[in-house]
Structure formats: C-alpha cells, structure tokens
Amino acid sequence: MSFSNEMKVFAGNSNKPLAEKIARYLNLQLGDCEVGRFADGEINVRINETVRGHDIFLIQSTSPPVNENLMELLIMIDAFKRASANTIAVVIPYYGYARQDRKAKGRDPISAKLVANLITVAGATRVLTVDLHAEQIQGFFDIPVDNLWSYPVFAEELQKREEIVPEETVVVSPDVGGVRRARRMAERLKTSLAILDKRRPSDNVAEVVNIIGEVKDKVVILFDDIIDTAHSIVKGAEALKKAGAKKIIACATHGVFSENALERIENSPIDTVYITDTIYHERLPEKVKVISVANLIGEAIMRIRKHLSVSILFR
C-alpha cells in the first residue's frame with residue numbers, strides 16, 4: 001500500500017485575491033474552508049474537506065485589522081493540526097507586529113517574538129513571508145522560516161514601465177536600516193545608491209538630517225519595505241526634491257496606508273508609488289500602482305514542496 005501527501009492550499013479572509021492568484025500559479029483550487037463569526041464575535045473555522053495526512057499551505061496576511069487576522073490565522077492552524085494535517089506551512093505575505101522587534105526603550109514588549117511564539121505553539125511547521133521588516137525575526141522562530149525578497153519583482157516591473165537608464169538613476173534607502181534592501185535593488189538595476197540620514201523624534205515621525213550620495217538631476221527610486229502613515233516616505237521625497245531630484249518613484253513591499261497616508265502621497269512630490277499585493281486594498285489612487293508577488297510566492301511554495309532551493313530565486 002502506498003501513501004502520498006497531497007498538497008492543499010487554504011486561505012483566511014485577509015487577502016483572498018492574492019491567495020487565488022497563488023493557487024492559480026500552482027494549478028490548484030483553494031481548499032474549501034469557511035472562516036466566519038459566531039453571534040458574539042468569536043471566530044468560527046470550518047474545514048469542509050479532508051486534510052488528514054496532507055501538506056497544508058495556509059495563506060493569511062496579518063494586516064489591518066491586525067488582531068482579527070492574527071487570531072483567524074492561529075485558530076485555522078489549530079483546526080488543521082487537530083484535523084491531522086501532515087505539515088502546516090503558514091504563508092504570511094505581510095507579517096504584522098514586525099516593527100516591534102526589540103526594546104526601543106525600557107518596559108517595551110517585543111511583540112514580534114510573542115507573535116512568533118503564538119504561531120509556533122498553535123502548530124505551524126514552517127513560515128513563508130515577504131520582506132520582513134527586520135531579518136532577525138527569522139531567529140524568533142524555532143521552525144524553518146523563508147523570507148522572500150520583493151526586489152526582483154520591483155526591478156522587473158520598473159524596467160518595463162519606467163525605462164530605467166542606470167547612469168541617470170539612483171536607488172535611495174530611506175534610512176540606514178534599509179541599506180541592504182536598497183543595495184540589492186541597486187545591484188539588480190545597475191544604478192548607484194544613496195541613503196537618507198534620518199532621526200525619529202517620536203513614533204511615525206521622521207526628520208531627514210542629511211542625504212548621503214548624489215541625487216541632483218537624477219531619477220530617484222525610494223525603496224522601503226512598508227508605507228504606513230506615509231510621513232516618513234513623504235518627508236524623504238521632499239528632501240530629495242529639494243536636493244534636485246528630477247523624478248521620484250517610491251517602491252514599498254507593504255502598503256499599509258494608515259490614517260491619511262494616501263492623501264499625503266497625493267499631495268507629495270512623489271510621481272509614482274509602486275506597492276505589492278501583500279495587503280489587499282479595494283481602491284487606490286491613480287498615483288499608486290500594484291505589482292503582484294503571487295508568482296514569487298507560488299514558486300517558493302512549489303520549491304518548498306519539492307525540497308528545492310528557495311534562495312536560488314534571488315541569484
């Protein structure tokens with residue numbers, strides 16, 4: 001008698017359109033699973049097909065509403081574990097709480113570590129995510145973590161849409177912490193690199209102190225992982241425009257867009273903003289363009305399933 005572990009892909013409610021694109025890439029149907037609410041607001045998960053002995057890939061971004069989506073994810077993991085799934089790989093395109101990765105001041109929690117503990121204890125056997133805010137978060141887990149980089153997707157799209165001339169373009173890191181991310185993009189596009197030297201007097205507030213590198217009369221690609229309130233990226237764009245940048249393109253993997261972020265972007269010197277679909281938005285202004293990471297995630301899932309290298313995707 002032979003047994004085979006079938007692969008099945010399921011999704012929570014946070015980003016069904018992305019999950020459907022990933023399933024299409026894999027030539028699969030999304031698994032039959034209902035995630036609803038009881039009358040008192042508690043989450044109710046019902047899996048309508050067998051998962052016993054199968055390898056499960058569960059897609060759920062922990063994007064706003066963060067706590068709702070995180071709780072959905074944890075309860076779904078528990079349901080699959082109790083239904084005797086062979087493995088449960090959690091695909092979290094946007095990992096919420098990632099910015100709380102250290103104690104910035106006394107008595108601060110390290111919420112990114114707490115979330116990692118919750119996911120592991122719930123029963124996940126692997127985590128797949130995109131552009132973690134801090135790569136050391138991988139070490140918060142005691143299970144394998146694959147952190148995919150979005151820069152190849154952005155680089156390919158920019159070369160198609162923006163007609164990048166390497167000598168006339170510069171990739172800018174919005175802060176010192178994002179230099180590695182920006183350098184990868186600059187190497188892919190064969191452009192120079194610049195860095196914004198910033199200070200943060202308070203949360204979600206940034207002041208540009210200095211620009212390290214040459215941006216005058218150049219097309220600037222401001223590359224970050226998250227746009228939240230957009231204060232930081234708009235302040236950066238204003239400083240770059242003042243320094244003589246010819247055109248400003250902003251790229252960010254995760255478009256959170258809290259508060260009046262989209263209004264700030266509309267009224268900013270930024271010409272175009274490119275984000276990925278790790279977070280679902282029904283409507284976005286004309287200035288904001290969405291690039292899909294479905295094929296990147298789908299290919300990574302396929303490689304994990306076949307026990308092939310994932311890092312080769314970024315060479």
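Visitor: What makes I195, L196 and K198 contacts of D175?
Guide: Contact means heavy atoms within 4.5 Å, and D175 is in contact with I195, L196 and K198 once its neighbours within four places in sequence are left aside. This is a predicted model, where local features need pLDDT of at least 70 and side-chain atom pairs count only at pLDDT 80 or more, while totals for chains, interfaces and linings use all residues. Residues are numbered from 1 along each chain as its sequence is written, and side-chain values use heavy atoms, leaving out hydrogens and water.

Visitor: Why is D175 called partly exposed?
Guide: Buried means under 20% relative accessible area and exposed over 50%, with partly exposed in between (1.4 Å probe, protein chains only). D175 has 23% relative accessibility, so it counts as partly exposed.

Visitor: And why does H133 count as partly exposed?
Guide: H133 is at 33% relative accessibility, so the label partly exposed applies to H133.

Visitor: Which residues does H133 touch?
Guide: Beyond neighbours within four places in sequence, H133 is in contact with A98, R99, R181, D225 and I226.

Visitor: How do you know that H133 and D175 belong to a "binding site"?
Guide: That comes from the UniProt annotation, an unreviewed entry, which covers H133 and D175. They are spread over 43 residues of sequence, yet they cluster in space, with a largest C-alpha distance of 12.5 Å. UniProt positions are given in the numbering used here, feature names are shortened, and annotations may be inferred rather than shown by experiment.
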